[in-house]
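Hi,

Here is the structure I promised to pass on.

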Amino acid sequence: GFVDRSIPRGLGIDARVPDVSRMAPQPKMGAGHFVGRLTGDLSDIELAGRASVDDLSLAGYTLANAQGPVSVRFAKKELTVKADAAGKGGGGKGVLGALIGASPRARITLSRLADGRILIRSLDGTGAGVTLKAEGSRTLLSGPRFSGDLTVSNLAAARPAASGLLKARWSAARGGKGKPWAFTADAKGTTFATGMAELDRLLGQSPRLQAAAAYKDGAWAFS
């Protein structure tokens, strides 16, 4: 790549990378291209433009290309990344391929805080059979918290005779340094069917599952 210093406001950047996986091993990625501008000063600097990555793959799912606007800003000792990516040419066998589909879309904002921790501030994703919306926060008196909603509509991807909708509300939070992570989940089916007659008779069309768990020092506790 090269830096164009002729632009009067900031530095124009046009960079190509033949193998993005050398910088970020997961998911596997091929060639990447970024066109944008670097602006600001050492106290508040931002790189913003448009990025494109080819040949992504993860767990049997492949995506021919993902591209969209991206920005990276460093200010007040925090690094914030924003990206809005649209995919095309997606496919794969099994549940993951059917849920994500050919043209997924994802938007994310995440920050590396001054103390080194990573905070996902927002995450929205849409696929052929799944929708995810989530947001994160942190207060002065507690640790990070992340919560969101997940909707799965293409249940036949898991089992051909399955049908209906599955919606779940979930959260992950840490009370503070030294305290465990607390996880909760509340999932409910609508006109739900697994395709297994006996199990469907027991569950009904609107089954509900509520669960809670805690994680600390490599150990899980469920309730």
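A residue counts as exposed when its relative accessible area is over 50%, and as buried when that value is under 20%. Keep in mind that this is a predicted model. Leu202 has a relative accessible area of 60%, so Leu202 is exposed. This leucine sits in helix H2, residues 197-203. Leu202 also belongs to a nonpolar patch on the surface, together with Met196, Leu199 and Leu203. Between them, these four have about 350 Å² of accessible area.

Now for the inside. The largest nonpolar core is made up of seven residues: Val20, Met29, Val53, Leu56, Tyr61, Leu63 and Ala66. Two elements, strand S4 (44-58) and strand S5 (61-75), each give two or more residues to this core. S5 has the largest share, with three. As for Leu56, leaving aside residues up to four places away in sequence, its contacts are Lys28, Met29, Tyr61, Thr62, Leu63, Asn65 and Ala66. There is also a second, separate core of six residues, among them Val152, Leu155, Ala162 and Phe192.

Most residues other than glycine have a negative phi. Asp55, though not a glycine, has a positive phi of about 55°. Asp55 is located in strand S4, and with a relative accessible area of 53% it is exposed. Lys77 has a positive phi too, near 65°. Lys77 lies in the loop between S5 and strand S6 (78-92), and its relative accessible area of 64% makes Lys77 exposed.

Cheers

Key:
Residues numbered from 1 in each chain as written. Predicted model: local features only at pLDDT ≥ 70, side-chain atom pairs only at ≥ 80, totals over all residues. Heavy atoms only, no water. Patch = residues over 30% accessible without salt bridge, like charges linked within 9 Å, V, L, I, M, F, W, Y side chains within 5 Å. Areas by Shrake-Rupley, 256 points an atom, 1.4 Å probe, with all protein chains shown as cover. Salt bridge = Lys/Arg side-chain N within 4 Å of Asp/Glu carboxyl O. Helix = DSSP H or I, 4+ residues; strand = E, 2+ residues; numbered from the N terminus. Buried < 20%, exposed > 50% of the residue type's maximum accessible area, 1.4 Å probe, protein only. Core = buried A, V, L, I, M, F, W, Y, C linked by side-chain atoms within 4.5 Å. Contact = heavy atoms within 4.5 Å.
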